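Hello,

Here is the structure I said I would pass on. My notes on it follow below.

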Amino acid sequence: MAAAAATTPNSLLLRRPAAPKVVAAASPLRLPMRAARISCAAVATPAQSSSPAAGAGAADRGVYNFAAGPATLPLSVLQKAQAELVDYRGSGMSIMEMSHRGKEFDAAIKKAEADLRALLAVPDTHEVLFLQGGATSQFAAAPLNLCASPSDPADFVVSGSWSDKAFKEAKKFSAASVAWSGKDGKYTSLPPFDAIKQNPEARFLHICSNETIHGVEFKDYPEPKNKSGILVADMSSNFCSKPVDVSRFGIIYAGAQKNVGPSGVTIAIVRKDLIGNAQPITPVMLDYKTHADNASLYNTPPCFAIYICGLVFEDLLAQGGLAEVEKKNAHKAGILYDTIDASGGYYICPVEKSVRSLMNVPFTLAKGGDFEKQFIAEAAKEGMVQLKGHRSVGGVRASIYNAMPLAGVEKLVAFMKDFQARNP
């Protein structure tokens with residue numbers, strides 16, 4: 001940080017954490033990259049690691065990670081996984097080594113599903129599936145499972161890059177059409193629900209509940225007007241960030257790597273009566289019946305990723321559930337948006353205020369691209385990383401998922417104010 005910054009009122013918040021002391025490990029296992037960034041104070045006892053302060057201690061690793069995904073995970077989850085890595089709960093094996101059909105992993109995946117059902121109040125009418133292939137694979141899976149043939153119509157609300165990709169993929173397996181598009185407005189708004197031109201013959205209505213790149217988020221969901229009443233949602237970047245009435249959806253799918261785990265696992269919540277009618281051309285791995293009939297164990301699943309998701313679900317329940325998590329997320333986002341709006345146009349968020357995302361906050365600097373590069377570079381030096389906007393839109397993007405602690409957002413807004421003061 002430049003010397004001038006030392007005189008600004010926010011400068012104390014911008015000081016990097018002191019270098020941690022190295023403590024000899026009791027175990028022969030050494031994970032130098034992780035261990036070297038955790039101070040003595042951050043090595044919590046089991047009671048401390050279940051603290052409801054999501055992401056607490058993130059700065060003890062030296063950085064606040066604002067990446068859009070894979071994204072920051074709760075430190076307590078990482079520490080528990082580290083402690084169990086070599087010998088999973090007395091089994092003598094790592095969970096990465098054991099059979100996915102063994103009793104240990106069977107218990108882990110069943111516990112993960114039970115906790116997810118508790119978090120989202122998933123009704124018995126819906127299956128919970130742990131899949132692979134990312135949310136992108138679901139762009140094909142949804143029409144393949146819901147449309148009897150490629151001539152069946154389907155409606156899409158195109159509110160950003162990801163819903164546009166979903167629409168284009170669905171066109172291969174259905175007569176997909178755009179019921180509303182925000183492209184002309186550069187994906188900065190969402191439609192009034194009566195502006196969505198739905199086809200009553202459509203097999204389903206598809207939305208992306210939160211556009212990771214453009215930062216628009218549905219605060220409520222449109223009612224499908226198709227005969228079957230099927231609403232499909234890609235919830236990858238706001239999954240488990242707030243309560244959702246699952247019963248309103250035919251399919252919810254989400255890549256885990258934003259809010260609930262590492263990359264490698266995709267979660268689908270599918271209404272049971274929609275399973276078993278896939279098109280004949282459907283690959284076996286995209287047929288929901290394959291996975292429902294085999295309890296997500298048709299083939300070797302991403303065992304470690306599912307295990308981490310289970311730990312995250314435990315952490316979210318320990319915080320008091322998704323209603324409490326949503327309050328924390330709204331508070332963090334409010335601080336950041338308030339700072340942008342109070343900057344006098346120095347920072348600009350193009351998204352309509354009523355649909356601003358609580359998870360992904362894109363903004364630009366009025367002074368232009370060179371200053372954005374300087375902003376991102378200086379922020380990284382101060383321990384705030386992965387703030388560069390998506391390559392398709394540029395600018396700055398702060399992804400503030402569940403595991404991003406309040407302290408991380410507070411440090412970012414302090415830096416924003418300090419940067420503006422030094423670069424008027």
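Subject: what was found

S296 is buried, with a relative accessible area of 5%. Please keep in mind that this is a predicted model. S296 sits in the loop that links helix 7 (288–293) to helix 8 (303–318). Its phi is near 65°, a positive value in a residue other than glycine. Most residues other than glycine have a negative phi, and most peptide bonds are trans.

K186 also has a positive phi, near 60°, and is likewise a residue other than glycine. K186 belongs to the loop between strand 4 and strand 5. K186 is exposed, with a relative accessible area of 67%. There is also a cis peptide bond, from G69 to P70, with omega near -5°. P70 is in the loop between strand 1 (64–65) and helix 3 (75–84).

Strand 3 covers residues 153–158, and six of its six residues are buried. In a regular strand the side chains alternate between the two faces of the sheet. Here both faces are covered: P153, D155 and V157 are buried on one side, and A154, F156 and V158 on the other. Strand 3 runs parallel to strand 4 (residues 175–181), and six bridges join the two. One of the residues involved is V157, whose bridge partner in strand 4 is W180.

Helix 6 (residues 161–170) has S161, S163, D164, A166, F167 and A170 buried. What covers these buried residues includes strand 3 and strand 4, along with helix 5 (134–146), strand 5 (205–208) and strand 7 (251–255).

Strand 9 is joined to strand 10 (residues 360–365) by two bridges, and the two run antiparallel. In this pair, I348 stands opposite T364 of strand 10.

Two packed helices are described by the angle between their axes and the distance between the axes. The axes of helix 9 (residues 322–341) and helix 11 (residues 406–422) come within 9 Å and cross at roughly 5°. That makes helix 9 roughly parallel to helix 11. On the helix 9 side the contact involves H331, K332, I335, L336, T339 and I340, and on the helix 11 side L406, V409, L412, V413, M416 and K417. By class, this contact has eight nonpolar, two polar and two charged residues.

Which residue does the side chain of E378 reach with a polar contact? E378 lies in helix 10 (residues 369–381), and its side chain makes a polar contact with the side chain of R422 (2.8 Å). Leaving aside neighbours within four places in sequence, E378 is in contact with F415, F419 and R422. E378 is buried, with a relative accessible area of 19%; the cut-off for buried is under 20%.

Regards

How values were computed: Residues numbered from 1 in each chain as written. Predicted model: local features only at pLDDT ≥ 70, side-chain atom pairs only at ≥ 80, totals over all residues. Heavy atoms only, no water. Axes fitted to C-alpha atoms, helices over the stretch in contact; angles between N-to-C directions. Helix = DSSP H or I, 4+ residues; strand = E, 2+ residues; numbered from the N terminus. Parallel < 35°, antiparallel > 145°, perpendicular 65-115°, else oblique. Contact = heavy atoms within 4.5 Å. Nonpolar A, V, L, I, M, F, W, Y, C, P; charged D, E, K, R; others polar. Buried < 20%, exposed > 50% of the residue type's maximum accessible area, 1.4 Å probe, protein only. Polar contact = N/O pair within 3.5 Å; in protein donor to acceptor, adjacent residues only side chain to side chain. Pairing = 2+ DSSP bridges.
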